[in-house]
Amino acid sequence: MPKARKTITILVAEDDEDDRLLMEEALEENRLANDLHFVGDGEELMDYLCNRGQYHDPATAPRPSLILLDLNMPRKDGREALQEIKADPHLRQIPIVVLTTSKAEEDILRTYDLGVSSFIAKPVVFESMVQIMKTLGTYWFEIVELPDRSAD
């Protein structure tokens with residue numbers, strides 16, 4: 001019997017508005033909307049995680065329990081942001097799932113070398129995104145034990 005679903009904060013780093021909407025609707029379709037936040041590039045992701053600028057208030061920018069990361073974003077791409085996050089002792093425990101259009105073997109190898117939790121090729125049809133979010137939900141919300149963030 002599956003465990004009850006936890007409520008977790010999910011931070012989505014995605015620059016494409018259509019992909020954001022697709023992910024949000026797929027999460028809602030699976031009743032996984034939880035506490036969902038979006039940023040549009042790697043710079044904004046780091047500002048959010050470090051509570052800088054518009055994200056200075058942890059009440060409105062809580063520490064995420066899971067990051068869904070696009071690799072190809074403006075200003076600072078997902079690869080650079082991933083490297084910074086995994087090099088920071090205060091951030092490296094946050095699980096990161098890469099969700100990208102890239103299927104390049106180099107990206108897969110490099111992101112796993114940097115410590116990504118999973119690498120998923122982003123689907124282009126809604127039904128496939130719903131299935132991916134359902135699978136992610138089962139894994140991250142019911143099976144996995146995440147670090148307790150209440151002390152942060």
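Predicted model: local features only at pLDDT ≥ 70, side-chain atom pairs only at ≥ 80, totals over all residues.
Is Glu-14 buried or exposed? Its relative accessibility is 1%, so Glu-14 counts as buried, the cut-off being under 20%.

What does Glu-14 touch, leaving out residues up to four places away in sequence? The list is Asp-19, Arg-20, Met-23, Val-39, Gly-40, Asp-70, Met-73 and Lys-122. I'll come back to one of those, Asp-70. For a sense of scale, Glu-14 and Cys-50 are 36 residues apart in sequence, and their C-alpha atoms are 18 Å apart in space.

Next, the strands. E1 runs parallel to E3, and 4 bridges join the two. Ala-13 stands opposite Leu-69 in E3. On its other pairing, E3 is joined by 3 bridges to strand E4, residues 96-100, and that pair is parallel as well. There, Leu-68 has Val-97 of E4 as its bridge partner.

Now look at the two faces of E3, which spans residues 66-69. In a regular strand, side chains alternate between the two faces of the sheet. Here Leu-66 and Leu-68 are on one side, Ile-67 and Leu-69 are on the other, and all of them are buried, so both faces are covered. From E3 the chain goes through helix H3, residues 78-87, to E4, and these three elements make a right-handed β-α-β unit.

On to helix H2, residues 42-49. Why do I call H2 largely enclosed by the rest of the structure? Because 6 of its 8 residues are buried. Those are Gly-42, Glu-44, Leu-45, Met-46, Tyr-48 and Leu-49. Note that a glutamate, Glu-44, is on that list. What do the buried residues of H2 pack against? They pack against E1, strand E2 at residues 35-39, E3 and H3.

Both ends of H2 have something to show. At the start, a side-chain oxygen of Asp-41 comes to within 2.9 Å of the backbone nitrogen of Glu-43. Just after the helix, Asn-51 takes a positive phi of about 50°.

That brings me to backbone angles. Most residues other than glycine have a negative phi. Asn-51 is not a glycine, and its phi is positive. Asn-51 lies in the loop between H2 and E3, and with 28% relative accessibility it counts as partly exposed. Arg-75 also has a positive phi, near 65°, and is likewise a residue other than glycine. Arg-75 is in the loop between E3 and H3. At 63% relative accessibility, Arg-75 counts as exposed.

Last, Asp-70, in the loop between E3 and H3. Which annotation covers Asp-70? The unreviewed UniProt entry gives "modified residue: 4-aspartylphosphate". In this model, Asp-70 counts as buried, at 3% relative accessibility. Setting aside residues up to four places away in sequence, Asp-70 touches Ala-13, Glu-14, Asp-15, Gly-78, Leu-99, Thr-100 and Lys-122.

How values were computed. Residues numbered from 1 in each chain as written. Heavy atoms only, no water. Buried < 20%, exposed > 50% of the residue type's maximum accessible area, 1.4 Å probe, protein only. Contact = heavy atoms within 4.5 Å. Pairing = 2+ DSSP bridges. Right-handed = clockwise from strand over helix to strand, strands pointing away. Polar contact = N/O pair within 3.5 Å; in protein donor to acceptor, adjacent residues only side chain to side chain. UniProt positions renumbered as here; feature names shortened; annotations may be inferred.
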